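Biologist: Hi! Could you walk me through some of the side-chain packing in this one?
Modeller: Happy to, here it is.

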There are 2 protein chains.
Amino acid sequence: LIFILQALLSCAVFTSAQAPQLNLLPMPTSVKLGTGQLTIDKSFAVALDGFDDQDLDKTIDRFLLQLSRQTGIPLGARAQTKASSPTLVIHAQHGRKATQELQEDESYQLTVMQAGTELTAPNSLGVLRGLQTFLQLIGPTPNGFAAPEVTITDGPRFPWRGLLIDMCRHFIPLDVLERNVDAMAAVKLNVLHLHLSDDEGFRMESKKFPKLTGEGSGGLYYTQAEMREFIAYAHDRGIRVVPEFDMPGHSRSWFLGYPELASAPGPYQLVSSVEPVMDPTQEKTYKFLDEFIGEMAGLFPDAYFHIGGDEVDGQQWNANPKIQNFIRAHGMKNNQDLQAYFNQRLQKIVSKHHKIMVGWDEVLHPALPKSIVVQSWRGQQSLAVAAKGGYRGLLSYGYYLDLMWPAWRHYAIEPLSGDAANLSAEEKSRILGGEACMWTELVTPENIDNRIWPRLAAIAERLWSPASIQDPQSMYRRLDELNWHLELLGLTQRTGEIEMLHQMLGSDDISSLLALADVVEPVKDYVRLDTVKINDSSLPLNHLVDAVSPESDVARNFRTLVETYISGGYKDQNAALQIRERLARWRDNDAVLHPALEESFLLREAEPLSQNLSSVAAVGLASLDSLEKSEIPPEAWRTQQLSILSSARSPTAMLLLMIVDPVQELVMATTGSK
Amino acid sequence: LIFILQALLSCAVFTSAQAPQLNLLPMPTSVKLGTGQLTIDKSFAVALDGFDDQDLDKTIDRFLLQLSRQTGIPLGARAQTKASSPTLVIHAQHGRKATQELQEDESYQLTVMQAGTELTAPNSLGVLRGLQTFLQLIGPTPNGFAAPEVTITDGPRFPWRGLLIDMCRHFIPLDVLERNVDAMAAVKLNVLHLHLSDDEGFRMESKKFPKLTGEGSGGLYYTQAEMREFIAYAHDRGIRVVPEFDMPGHSRSWFLGYPELASAPGPYQLVSSVEPVMDPTQEKTYKFLDEFIGEMAGLFPDAYFHIGGDEVDGQQWNANPKIQNFIRAHGMKNNQDLQAYFNQRLQKIVSKHHKIMVGWDEVLHPALPKSIVVQSWRGQQSLAVAAKGGYRGLLSYGYYLDLMWPAWRHYAIEPLSGDAANLSAEEKSRILGGEACMWTELVTPENIDNRIWPRLAAIAERLWSPASIQDPQSMYRRLDELNWHLELLGLTQRTGEIEMLHQMLGSDDISSLLALADVVEPVKDYVRLDTVKINDSSLPLNHLVDAVSPESDVARNFRTLVETYISGGYKDQNAALQIRERLARWRDNDAVLHPALEESFLLREAEPLSQNLSSVAAVGLASLDSLEKSEIPPEAWRTQQLSILSSARSPTAMLLLMIVDPVQELVMATTGSK
């Protein structure tokens, strides 16, 4: 046992030691770094010496285009060749499945040598993954663009690594989905889960039931032709598209066109506080769903089909005597039993159309076959119960991107921890992976990239890389590098923020607004959503809180700097200088920014925030003065400073000032004791 | 006469006085500002009370989408209504032409009142222009998004206001053209001239002659279906698409597939220093062109058809005895006469296919009919000669965006100046306007937005607004504001630069590189192009010079600050403080940047530039010290400083350091005399 522990430890040390040199994210299973490097210039050429098909040729074309964008070296189709001295030789043993399968092999081996690179994989899906690793290795060096000599053996830890996007609360156009698919592929995610129907909108065209989008979408939906093209786009990049149609709850949008499916007579409206539910007691509901699911099963090739099943509001069922009679007549105890009955019927329909049913925690019920997959928003305990019961599961608890958590917090969420840690190996194997969730009540096409990236990449690493890869510092360093790579792919998480700041300031010079925006974060969890009574997509999301990044890199780096200074016993002059410069800039920012905030109704709410930044920075400067002079100020002074910080800590304009904590560390350090 | 002059003067003064309050670009013919404002919120609605058709409905949908992006207020199709209290009432008397015509009325009148806005125009083309003005009026105010009360009467000064894009030297994909069309529409330009063939590539699919692109495009061309869609896209935005196929010179790419058209036997290659020319002495050349132009005339609906005709290299003609015999046999004096003969034959073909021929200066010849249009790269003198001869003309001289001139220099180029100023009114009316030219020898899809914008907007104002609108300061103020509006339209002139800087630094933190990039400009005119021997699009354009903006806003603002400080007799403490802050930052930048430059082969060439920035800033700080202390340093000191500046003035890495001149002003000010 001690040997194993030692082996594990030395492995972790090895990885951690190599990490500063390579910007790989997710970190591969095994990385052996050499000393030389492979130069990338306009003679770059790719050759295939194993399996070859049109899919693989397209993959290589896309890879060359991406390499071209990344280096500025024009590499046309001519770079794909069977030439005698190719820079990159790809050997796949066979092709991919026409419809990507769960558990399809994604492993690869990449050997970069001075003379050239070899990428081998059992199939062309592994090639896709390996090419992304190769792209991450390439950067400018003193001797040209190059990749370091390295031998990488890699494969995913979990077979299901996904992102859910909710296009119901706010519609997300396909071009936005496409650029997010590009970014998902860059971090080796493999499932995009489309939350296609909910109370607020029905987003997928049905030809059999045209009123679903005709009445229930406000004109915002995907046509079947568009969706087919999008699925092919995602497939090209190694990403499965799993559709979700949420039922029997979260289904108001269905009832605008088909009120007869609901448990109470309509009419229904998209913007409303009513949460109607399907009537599971009438046969016509199942007849409708059979036809609808049959149609969708033909459109979406993936083997899995998500039926939602979460948060069923029992009010309509309670209020409908016919439904209550049905419950009693069938010997059911309550609404939960009724939902289980519905799910059994639904599962048979899904299965009849050759799909495997996926649902949220609530669908778990002994009456359902072991083939279904449970997606858990509740946590590892719920997953463990499912796995023990023989069901497969996915973790989403802890991966909700709309909660505005920092990346390290998502990063620390381990699917096989808590109750799941005590499962048998076989039970553990039923935990297929996880899915991050991007619910869009407060998210629009303008800021969705900013809400997803780069934090999703930390979750991608958790699901792909060995469990031993856990160092948040290394993760953040690699995340920062990845972030601009993603902008090169067309993502807008940083440029979009800048455009929004311009828009709300109505002016060209946003520097002082950006200085404020860079040190604040949106309030966490559901604090903001709880203030919005009705989910109405016509609510403008054009405030500062909508623009700023969920996590402040500037504040994070400032905190590191302060901690370095304090832990070094206040001797690090360079750290002190940098801290002082930043604090001085923050202290003086409000004088410039304040008049501009006055001029915009959108920004006036941020005035106290800007003032707080100034006062907190002043507190920091005073503390730094004391520390540099080795003075210990009186306790009363400290109390006063802490009270300033305490009031600056309360949310203003739904934003948190993120330099308060590190400044408090400076104040506390003035006591002289450590 | 005095009354008229007074009226003109007071009008100019009025415009100039109002300018600081309105960010309109181009400035309308007449602007009368009121005192109230119209609020824009989610109740915003548009109504049509005059002519209505599908085209106008689409126009309004696009307007609403743009307003939505600009404000963050979701405005769906529901905002287009015949409601009782619309925010904007549009009255057009009739529709647009199915193919937009030169001289088609673009005028409109816009009246913004607190209670609502009226936009009236003779036709829906004027509505397009007026909506762009309305969008520019809207911004955040203390009381919400709003437009000021204003009455605007507007129409263009010149009917042909264009941009040429060269897609031969570097291929420019259609999505890049589309976003540029959006930006052109925002500044009321109305012609996109596509330079579709040149030595380096043939970019338009011909079904009759498939080898034109099959052999002559390297796979980079537009299909006819794509072009039809693109023309419709441009038409929707009020922009004519004029195709150019350059002949008989600049035509190497034709000869890869059809060497029999050339004046010497092939074979030919795309990348080459040979400049072959068509053989105008053989009938098969005209038979080919008749069929080709017939096909293209069917594809491009515009009435005008550009045949190039510039810079014919006579070498092949001189070397071919058959051609020289032809010249003698037909009583011609020289190659120019032969080209005139070719153009006459060509003009008949173009005319037979119901198009009006356009060509560069060189086509002007008395043998050609007055219907042709001459595009002048040579200047107003050439235009004046054409106009006197009864020909219509377009100015491109002075509007070459590839020369990297600052916006004010383009802005000062007046089509009706020089020899053209002395023309009669009738002759002047033959000068139709102008076209900016974006030649792409050193331009790629990555940096083309940066090369075109925002400078093109200054040319757009010159061609649309009254000649009296001339204040460069006002222009720059409005240009700065426009710049971020353009990024909202999807342009990348600023974000693209940032991505390229990341790419060449290979690192997340580009702040010190950006500080350098912000104060340099690419060398002007053909200095850089002259160093590239053969025009080869496989040459990587990934250096600092390729990323930075053609004009440094930071240096321009710094110069203004220095001039304010000097002209105020060194008393403006605030200006002095700002100058000092900037100089100190620049002085200290190299210490941080230098090690990073060392790490990238692309950036090592910029090391002396970064050092120069530091030395020049130090000179500036020393001068500022003297000025603040009212000391007059010895002449020898000044000589030494000027010598530092002099050596920092020479181009480094094809870049110019733009703070040298304002720092020199500080040095010179230390003499004490003014």
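Biologist: Let's start with A:Arg237. Which ring does its charged end sit over?
Modeller: The ring of A:Tyr233, and the charged end of A:Arg237 is 3.5 Å from the ring centre. Keep in mind that this is a predicted model.

Biologist: Noted. And what about A:Arg462, which ring does its charged end sit over?
Modeller: That one sits over the ring of A:Tyr411, with 4.5 Å to the ring centre.

Biologist: Switching to ring-on-ring contacts, how many aromatic pairs are there over all chains?
Modeller: The count is 48. Take B:Phe202 and B:Phe245: their ring centres are 5.8 Å apart and their planes meet at 25 degrees, so they count as stacked, the cut-off for that being under 30 degrees.

Biologist: Where do those two sit in chain B?
Modeller: B:Phe202 is in strand β10 (residues 201-202) and B:Phe245 is in strand β11 (residues 240-247), so the pair links distant parts of the chain, 43 residues apart.

Biologist: Are B:Phe202 and B:Phe245 buried or exposed?
Modeller: Both are buried. B:Phe245 also stacks with B:Phe305, because those ring centres are 5.9 Å apart and the planes are at 25 degrees. This pair again links distant parts of the chain, with B:Phe305 in strand β12 (residues 304-308), 60 residues from B:Phe245. B:Phe305 is buried as well.

Biologist: Back to chain A. Which residues form an aromatic cluster with A:Phe202?
Modeller: The cluster holds A:Phe202, A:Phe209, A:Phe245, A:Trp254, A:Tyr258, A:Phe288, A:Phe292 and A:Phe305.

Biologist: Now for helices. How do α18 of chain A and α17 of chain B cross?
Modeller: The axes of α18 (residues 495-505) of chain A and α17 (residues 472-488) of chain B come within 10 Å and cross at roughly 130 degrees. The two helices are therefore oblique to each other, and the crossing is left-handed.

Biologist: Which residues meet there?
Modeller: From α18 of chain A you have A:Glu499, A:His502 and A:Gln503, and they meet B:Trp484, B:Glu487 and B:Leu488 in α17 of chain B.

Biologist: One last thing: why is A:Thr87 called buried?
Modeller: Because its relative accessible area is 11%, and the cut-off for buried is under 20%. A:Thr87 lies in the loop between α2 (54-71) and β3 (88-94) of chain A.

Biologist: And what does A:Thr87 touch?
Modeller: Leaving out residues up to four places away in sequence, A:Thr87 touches A:Leu38, A:Thr39, A:Ser43, A:Phe44, A:Ala45, A:Gly116 and A:Thr117.

Notes
Residues numbered from 1 in each chain as written. Chains lettered and ligands numbered in written order. Predicted model: local features only at pLDDT ≥ 70, side-chain atom pairs only at ≥ 80, totals over all residues. Heavy atoms only, no water. Phe/Tyr/Trp six-rings, centres within 6.5 Å; stacked < 30°, edge-to-face > 60°. Helix = DSSP H or I, 4+ residues; strand = E, 2+ residues; numbered from the N terminus. Buried < 20%, exposed > 50% of the residue type's maximum accessible area, 1.4 Å probe, protein only. Lys NZ or Arg CZ within 6 Å of the ring centre and 35° of its normal. Axes fitted to C-alpha atoms, helices over the stretch in contact; angles between N-to-C directions. Parallel < 35°, antiparallel > 145°, perpendicular 65-115°, else oblique. Left-handed = near helix turned anticlockwise from the far one by under 90°. Contact = heavy atoms within 4.5 Å.
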